[in-house]
Amino acid sequence: MKDQPDLKLLATFLAVVEHGSMAAAAATLGYVPSAVSQHVAALERDLDVELLVRRPGSRLLLTGAGRSLARAAGELFEATARFRDAADGIARREVTELRVGAYPSAVSHLFPGVLSALRPRERGVRVRLIIVETHAGLPRVRSGDLDLLIAYRYLPEDPPTASAELALTSVGHEPLVLVAGPRPGRRPLALEDCLDREWTSGLTHSPDRRLLHRWAGELGVSPEVTLETEDLHSMLAMIRAGLAVGWIPATLLDGERGDAGVQRVVLPPGSAPLSREVLAVSRPGTRPPVADELVALLTRALRGVRA
C-alpha cells in the first residue's frame, strides 16, 4: 500500500459510489467508462483490498472496505474544501479570531459600544479582548501574540513609534480634564484655587507625570503630587473624595455618571488643553479588514468624547 492514496483515484471512486455505476461516474467526470474502471482497479491495487463487487447486469455493491473508504474519503475531501476556503480567506486577510489588546479605560469606556456596532460574531469573527497597558502590549504585537494593540502616549517622543516591526495608525486624541472634588458655593473653580492642594498623578518618571511637569513648567506653577498611582480609577476616587486634584482622561468622565462627584477646573487664558494620543498598533501588512473597521469605529467613538 502506498503511504498516500492518489487523490485522483479517490475522486473517481467517490463518483462511482455516488452515481452507482462506472458509466454514470464516467459521464459526470468526462471520462470514458474504461478509464473509470481502470482508476478503481488501480486504487484497489494500491490498497490491496477489494472495494467493489462487480456483477454483470446489476448495480455495483460496496464491500465493507469500500464503505469505510468512501466515508474516509468523503471526510478528506470535505476537510480539503474547508482548508481551501480558509486559505482563500487568509489570502484576503480574513480571520476567524482577532486578538486585540487595549488599555483598561478603553476596554471599559470605548469597546462596549464599538463591539456592539461591529457585531463580529455575526460575521464569524471572534474578538479576543485582552486588557494590557501599552508598554506590556508592544512586545506581544512584535511576537504575533496580539493582532492589534490599542495604545496611548502622553508625549509625542514616547513609544510606541513606527518601525520595521510596528505599524501605527492614529485613532485620535483623548482629551484630559483637570478636575477636583466638589466645593459647594465655589463655581467655577480656577487653577489658582487648586495650587495649594494635593495633586495626584502617575509615578515619578511615568509619561503622564512628565506631561504634568511640562504643562506646569509652561505655566510657572509647581503642583505638589502626593498620591502616585498608575490606576486612573484610584485617582478619580481620591479626587471625588476631595483629597486631590488631577488630570483625568475624559472617557472616564463621559460615562453614565458624567462629572458626578468632580468639578472641572477652569484653566488660565492661553493655557492649551492637554490630551493623550490613542494609537492602533499592528505588525506591518498583517491587519485584516475587520481590524480596520474596529479602528474606524474607535476613531468615531473617540471623536464623541466630551472634552
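1. β5 and β12. Strand β5 (148-153) runs antiparallel to β12, and 5 bridges join the two. Strands count as paired when DSSP finds at least two bridges between them. Ala 151 has Leu 279 in β12 as its bridge partner. Helices (H or I, at least four residues) and strands (E, at least two) are DSSP runs, numbered from the N terminus.

2. Basis of the values. This is a predicted model, in which local features need pLDDT of at least 70 and side-chain atom pairs count only at pLDDT 80 or more, while totals for chains, interfaces and linings use all residues. Residues are numbered from 1 along each chain as its sequence is written, and side-chain values use heavy atoms, with hydrogens and water left out.

3. The other partner of β12. Strand β6 (residues 167-180) also pairs with β12, in the antiparallel sense, over 8 bridges. Here Ser 170 stands opposite Leu 279. Leu 279 is also the bridge partner of Ala 151. β12 is mostly covered, with 7 of its 8 residues buried. Buried means under 20% relative accessible area, exposed means over 50%, and partly exposed lies in between (1.4 Å probe, protein chains only).

4. Further pairings of β6. β6 pairs with β10 in the antiparallel sense over 5 bridges. In that pairing, Leu 178 stands opposite Trp 247. β6 also pairs with strand β11 (residues 263-266), again antiparallel, over 2 bridges. There Val 179 faces Arg 264.

5. Helix α7. This helix spans residues 134-143, and its buried residues are Thr 134, Gly 137, Leu 138 and Val 141. They line one face of the helix, because they fall within an arc of 110° seen down the axis of α7. The arc is that of the directions from the helix axis to the C-beta atoms. An α-helix has 3.6 residues a turn, so residues three or four places apart point the same way. The face turned away from the buried side carries the exposed residues His 135 and Ser 143. β5 and β12 are among the elements that cover the buried residues of α7. Gly 144 follows the helix, with a positive phi near 90°.

6. Helix α9. In this helix (residues 232-240), Leu 232, Met 235, Leu 236 and Ile 239 are buried. Their arc around the axis is only 95°, which puts them on the same side of α9. They pack against several elements, including β6, β10 and β12. The list also holds α5 (104-109), β8 (198-201) and α8 (207-219). Contact means heavy atoms within 4.5 Å.

7. Helix α6. Phe 111, Val 114 and Leu 118 are the buried residues of α6 (residues 111-118). They fall within an arc of 65° seen down the axis, so they line one face of the helix. Their cover includes β3, α5, β4 (126-131), β5 and α10 (289-303). Just after α6, Arg 119 takes a positive phi of about 45°.

8. Ala 102. This residue is found in strand β3 (residues 97-102). Is Ala 102 buried or exposed? Ala 102 is buried, with a relative accessible area of 0%. Leaving aside neighbours within four places in sequence, the contacts of Ala 102 include Val 107, Phe 111, Leu 129, Ile 131, Leu 149 and Ile 150.

9. α1 against α2. Helix α1 (residues 7-19) and helix α2 (residues 22-29) pack at an angle of about 120°, with their axes 8 Å apart. Axes are lines fitted to C-alpha atoms, for helices over the stretch in contact, and angles run from 0 to 180 degrees between N-to-C directions. The two helices are therefore oblique to each other. Angles under 35 degrees count as roughly parallel, over 145 as roughly antiparallel, 65 to 115 as roughly perpendicular and the rest as oblique. Thr 12, Ala 15, Val 16 and His 19 in α1 meet Met 22, Ala 24, Ala 25, Thr 28 and Leu 29 in α2.

10. α2 against α3. α2 packs on helix α3 (residues 33-47) at an angle of about 105°, with the axes 8 Å apart. This pair is therefore roughly perpendicular. Met 22, Ala 23, Ala 25 and Ala 26 in α2 meet Pro 33, Val 36, Ser 37 and Val 40 in α3.

11. The whole chain. The protein chain has 10 helices and 12 strands. Buried residues make up 42% of its 307 residues. Among contacts between residues at least 6 apart in sequence, 74% join residues at least 24 apart.
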